[in-house]
Amino acid sequence: MKCYSIGEVAAKFNIPESTLRYYEKQGLLPLIERDEAGRRLFSEDQVALLATVICLKTTHMPISGIKQYMDWVVEGDSTIDLRLEMMRNHKDKVLDEIFWMTESLKRIDEKIERYTNRTQERNND
């Protein structure tokens, strides 16, 4: 099985290596193996798990929630129902945030339109 260095994984996801080290210390990247020199090695499965961590982080799941999710992943299939419930709840929160961001964006667009009109009026005077 192909393994990737921390530098390769950081480059793949366009994140600093220090972020990967932090995620590992927080328990978000369980079972990371190391080579003889102590360097982290990321398997394909761990890269896939990292993609999930990044997705959850990007959608504002707290580190504690991501940690719980990863703990359940490590526990195995007996936690699938818990993971499903967590993902459904998180999806609802993301959809709520999208709604409020969309509403806020409308207000920002109104301001841009108002200021654009004022600027054009001023320039026409």
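Leaving aside neighbours within four places in sequence, which residues is Ser-43 in contact with?

**View 1. Contacts of Ser-43 in a predicted model.** Ser-43 touches Met-1, Lys-2 and Cys-3, its neighbours within four places in sequence left aside (contact: heavy atoms within 4.5 Å). Ser-43 belongs to strand S3, residues 40–43 (helices, H or I of at least four residues, and strands, E of at least two, are DSSP runs numbered from the N terminus). Its relative accessible area is 11%, so Ser-43 is buried (buried is under 20%, exposed over 50%, partly exposed in between; 1.4 Å probe, protein chains only). The model is predicted: local features need pLDDT of at least 70, side-chain atom pairs count only at pLDDT 80 or more, and totals for chains, interfaces and linings use all residues. Residues are numbered from 1 along each chain as its sequence is written, and side-chain values use heavy atoms, with hydrogens and water left out.

**View 2. Aromatic pairs.** The whole structure holds two aromatic pairs (ring centres of Phe, Tyr or the six-membered ring of Trp within 6.5 Å; planes under 30 degrees apart are stacked, over 60 edge-to-face, the rest tilted). Tyr-22 and Tyr-23 have centres 6.3 Å apart and planes at 50 degrees, so this pair is tilted. Tyr-22 is partly exposed at 41%. Tyr-23 is buried at 7%. Phe-99 and Trp-100 pair edge-to-face, with 4.9 Å between centres and 80 degrees between planes. Phe-99 is partly exposed at 43%, while Trp-100 is exposed at 57%.

View 3. Six salt bridges are found in the whole structure (a side-chain nitrogen of Lys or Arg within 4 Å of a carboxyl oxygen of Asp or Glu). Glu-17 and Arg-21 form one of them, 3.0 Å from N to O. They sit four residues apart in helix H2 (residues 17–25), about one helical turn. Glu-17 is partly exposed at 32%, and Arg-21 is partly exposed at 31%. Lys-67 and Asp-71 form a salt bridge at 2.7 Å, N to O. Helix H4 (residues 63–75) carries both, four residues apart. In helix H5, Lys-106 and Glu-103 are three residues apart, about one turn. Their salt bridge spans 3.0 Å, N to O.

**View 4. A charge over a ring.** Lys-12 lies over the face of Phe-13, 5.8 Å from the ring centre (NZ of Lys or CZ of Arg within 6 Å of the centre and within 35 degrees of the ring normal).
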